[in-house]
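Colleague: I want to check the labels on this model. Show it to me, and then I will ask what stands behind them.

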Amino acid sequence: QVQLVESGGRLVQAGGSLRLSCAASGRTFSSYAMGWFRQAPGKEREFVAAISWSGGRTYYADSVKGRFTISRDNAKNTVYLQMNSLKPEDTAVYYCAADRYIATMTSLSYDYWGQGTQVTVSS
């Protein structure tokens with residue numbers, strides 16, 4: 001049983017930066033692979049980034065590669081998404097997710113989800 005709470009989403013101008021945080025409950029946090037997904041109005045939820053339980057492997061969607069960085073601090077039970085050079089098309093609700101096994105790009109593989117945090121990038 002894992003509960004996830006995202007924070008850090010807000011309005012930002014194009015070209016700006018944000019860092020999202022996802023705080024997880026329980027001492028088993030380090031056993032989970034973690035991922036970030038996002039969903040814009042009228043579109044399906046899409047993969048953004050993922051990180052293995054050890055932090056040794058990371059994966060990114062082509063649309064964010066080079067701009068976003070996923071990281072984790074297991075001592076703080078927290079995963080981060082650093083977002084730089086933000087674009088209006090990055091506007092979406094961002095969700096944190098935990099996978100009991102391995103990091104994937106498929107939302108169906110994740111076992112736990114947060115409530116989401118809104119990121120709005122203005123032109």
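Colleague: What is the bridge partner of Ser71 in E8?

Modeller: The partner of Ser71 in E8 is Tyr80. This is a predicted model, where local features need pLDDT of at least 70, side-chain atom pairs count only at pLDDT 80 or more, and totals for chains, interfaces and linings use all residues. Residues are numbered from 1 along each chain as its sequence is written, and side-chain values use heavy atoms, with hydrogens and water left out.

Colleague: What makes E7 and E8 a pair?

Modeller: Two strands pair if DSSP finds at least two bridges between them. Strand E7 (residues 68-73) and E8 have six, in the antiparallel sense. So the pair qualifies under that definition. Strands themselves are DSSP runs of at least two residues (E), and helices runs of at least four (H or I), numbered from the N terminus. The hairpin of E7 and E8 has four residues between the strands, and Asn77 there takes a positive phi near 55 degrees.

Colleague: How many bridges join E3 to E8?

Modeller: Six, and strand E3 (residues 18-24) runs antiparallel to E8. One of the contacts sets Arg19 against its bridge partner Gln82 in E8.

Colleague: What is the strand order in the open sheet?

Modeller: The order is E1-E3-E8-E7, four strands with antiparallel pairing. Strand E1 (4-7) and E7 are the edge strands, because each pairs on one side only.

Colleague: Why is E8 called largely enclosed?

Modeller: Buried means under 20% relative accessible area, exposed over 50%, and partly exposed in between (1.4 Å probe, protein chains only). Five of the six residues of E8 (residues 78-83) are buried, so the rest of the structure largely encloses this strand.

Colleague: Why is the contact of Glu46 with Arg38 called a salt bridge?

Modeller: The term asks for a side-chain nitrogen of Lys or Arg within 4 Å of a carboxyl oxygen of Asp or Glu. For Glu46 and Arg38 the closest N and O atoms are 2.7 Å apart, so the contact qualifies. Arg38 is buried at 5% relative accessible area, whereas Glu46 is partly exposed at 32%.

Colleague: Which side chains does Asp90 meet in salt bridges?

Modeller: Asp90 meets Arg38 at 2.9 Å, N to O. Asp90 lies in the loop between E8 and strand E9 (92-99) and Arg38 in strand E4 (residues 33-39), so this pair ties together parts 52 residues apart in sequence. Asp90 also meets Arg67, at 2.8 Å. Both Asp90 and Arg67 are buried. Shared partners join Arg38, Glu46, Arg67 and Asp90 into one network.
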